Amino acid sequence: MSEKNKTVSSAEILRQREYMNSIAADNEVFFDTHKFRKKFFVLTLGCQQNEADSERLAGMAEAMGYEKSESPDDAYLIIVNTCAIREHAEKRALSLVGQYKHIKARNPELIIAICGCMVTQQHRSDEIKHRYPYVDIVFGTSSIHKFPELVAKKMSEKKRIFLPDEKEYLVAEGIPVRRESNYRAWVSVMYGCNNFCSYCIVPYVRGRERSRDKDEIIKEVRELVESGYKDITLLGQNVNSYGKDFGADYDFADLLCEIDKIEGDYFIHFMTSHPKDATRKLIDVMASSKHIARHFHLPMQSGSDAVLRAMNRRYDFEKYIGIVDYIREKMPDAAITSDIIVGFPGETEEDFEATLDALRRAKFDMIFSFIYSPRKGTPAAESDEQIPDDIKSARFDRLLKVQADISLASNKVLEGKTLRVLCDGLSKNNDKVYSGRTEGSKIVFFDATPECEGKFLEIKIERGDTFALYGKIEK
Ligand code: SAH
Ligand code: SF4
Ligand code: F3S
């Protein structure tokens with residue numbers, strides 16, 4: 001393919017704008033009579049991509065004249081943005097939606113909309129239709145830009161609306177965004193996935209890979225930097241495929257190189273990189289850049305070649321560790337993090353030991369580890385070599401133990417060093433300390449004052465623990 005990706009036409013975006021304006025006019029009349037504004041509440045249950053989608057849904061809700069609420073209880077519009085990556089995520093979504101029944105009973109005007117990866121699957125959309133009759137709107141990831149139209153339709157026709165998967169996945173530009181933070185931001189560079197790892201639901205619920213136009217991305221990053229954003233994360237299921245769908249001679253490393261030229265005081269993070277096409281060029285660009293954070297999130301999934309093959313990951317451990325070694329050669333202080341799945345169908349004790357050995361060899365700063373969860377419609381879920389739950393959990397615990405020592409050692413090395421930390425304000429779990437993140441995305445706790453939030457601080461690390469660093473502001 002050499003042409004550009006199909007984008008939602010500007011006429012279509014304009015049509016959605018008209019729906020937003022007309023709902024906003026109705027909501028203004030409501031405000032005049034009731035003297036309060038209708039509120040919306042968004043619940044986000046998935047990954048960063050899902051969070052970025054929620055910020056657009058919130059942007060559209062605001063443009064429709066709704067005001068944001070932190071609680072579903074007083075909302076007139078509830079949006080549940082679901083995830084399908086593991087069974088736990090789906091169960092959680094269903095149980096939370098279950099709780100909204102009472103809110104609807106109290107306020108029949110409430111509109112409940114469910115979207116995201118879980119309900120893009122036909123069977124989940126059907127389940128909502130039959131078992132959750134008070135849910136008004138269900139729409140899949142391909143229809144996010146149509147949200148205003150769906151709300152308008154629900155208001156005028158009163159019928160329930162179901163649009164799980166519209167089959168056509170496009171890039172939508174020009175949708176209003178309501179960002180959660182004024183110093184950290186998400187910027188999608190591409191959507192969808194072509195990789196079909198045998199355990200993963202994402203390609204079935206997000207469509208094929210499509211890259212955003214580079215000028216749109218650069219413009220968005222520039223505007224964010226100009227308005228004071230300090231940490232911008234470029235998002236895609238596999239950012240290393242950026243541009244491949246254009247067929248042009250311009251890849252993710254080129255994009256990073258161009259973004260890095262934007263003047264300002266900020267970091268660029270990106271996720272996720274698929275090891276099968278992480279290039280030396282990308283690592284070289286990072287090493288010589290000014291703003292690209294020295295942090296590489298490179299999901300390994302398993303250390304066993306047999307398991308990697310069965311997962312359809314298209315690299316072996318040797319290739320994987322070659323990338324890790326090259327990152328460390330070029331950027332000795334880079335943080336490297338990874339994702340690991342335990343209990344993939346057919347994983348033997350030797351395969352699992354190979355993963356433990358791989359952890360010892362790769363020495364990740366941190367890992368995100370997951371117990372394999374069969375996903376309906378994926379090849380691995382059909383395997384008759386499923387691992388019993390007790391073995392999966394025992395392996396999971398062993399994995400965490402091995403990594404704990406490695407993470408601890410990688411954090412101890414930082415004791416006595418002064419690191420640049422972006423302050424996130426009071427810690428969410430302990431309102432007596434402040435927290436922030438380093439360039440390598442490590443959590444740091446320290447004493448500070450409210451005005452530090454959203455600013456870079458120089459923190460002298462006094463103690464490194466398994467999961468966090470503790471320090472003092474130096475200046
Ligand atoms: N596109 C990213 C991953 C997105 S999903 C990549 O390829 O790296 C985030 C992580 O969830 C994956 O890396 C994997 O470790 C985990 N995951 C995906 N499907 C899973 C499943 N069925 N069971 C358990 N973990 C899973
Ligand atoms: Fe899922 Fe693999 Fe695509 Fe990542 S690369 S989203 S794990 S199919
Ligand atoms: Fe993300 Fe979950 Fe969908 S991880 S892409 S929200 S399945």
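**View 1. Three strands, E12-E13-E14, form an open sheet with parallel pairing (strands pair if DSSP finds at least two bridges between them).** This is a predicted model, in which local features need pLDDT of at least 70, side-chain atom pairs count only at pLDDT 80 or more, and totals for chains, interfaces and linings use all residues. Residues are numbered from 1 along each chain as its sequence is written, and side-chain values use heavy atoms, leaving out hydrogens and water. Strands (E, at least two residues) and helices (H or I, at least four) are DSSP runs, numbered from the N terminus. E12 (295-297) and E14 (366-371) sit at the edges with a single partner strand each, so one side of each has no neighbour in the sheet.

**View 2. Here E12 meets E13 (residues 335-342), joined by three bridges and running parallel.** Phenylalanine 296 has isoleucine 336 in E13 as its bridge partner. Helix H15 packs on the sheet and touches E13 and E14 (contact means heavy atoms within 4.5 Å).

**View 3. Helix H13 (residues 349-362) packs with helix H15 (residues 389-412) at about 15°, their axes 9 Å apart.** Axes are lines fitted to C-alpha atoms, for helices over the stretch in contact, and angles run from 0 to 180 degrees between N-to-C directions. H13 and H15 are therefore roughly parallel (angles under 35 degrees). Among the residues that meet are Phe352, Leu356 and Leu359 in H13 and Leu399, Val402 and Ile406 in H15.

**View 4. Around ligand 3 we find Gly46, Cys47, Asn50, Cys83, Ala84, Ile85, Cys117, Arg206 and Gln237 (each with a heavy atom within 4 Å).**

How values were computed: Chains are lettered from A and ligands numbered from 1 in the order in which they are written. Angles under 35 degrees count as roughly parallel, over 145 as roughly antiparallel, 65 to 115 as roughly perpendicular and the rest as oblique.
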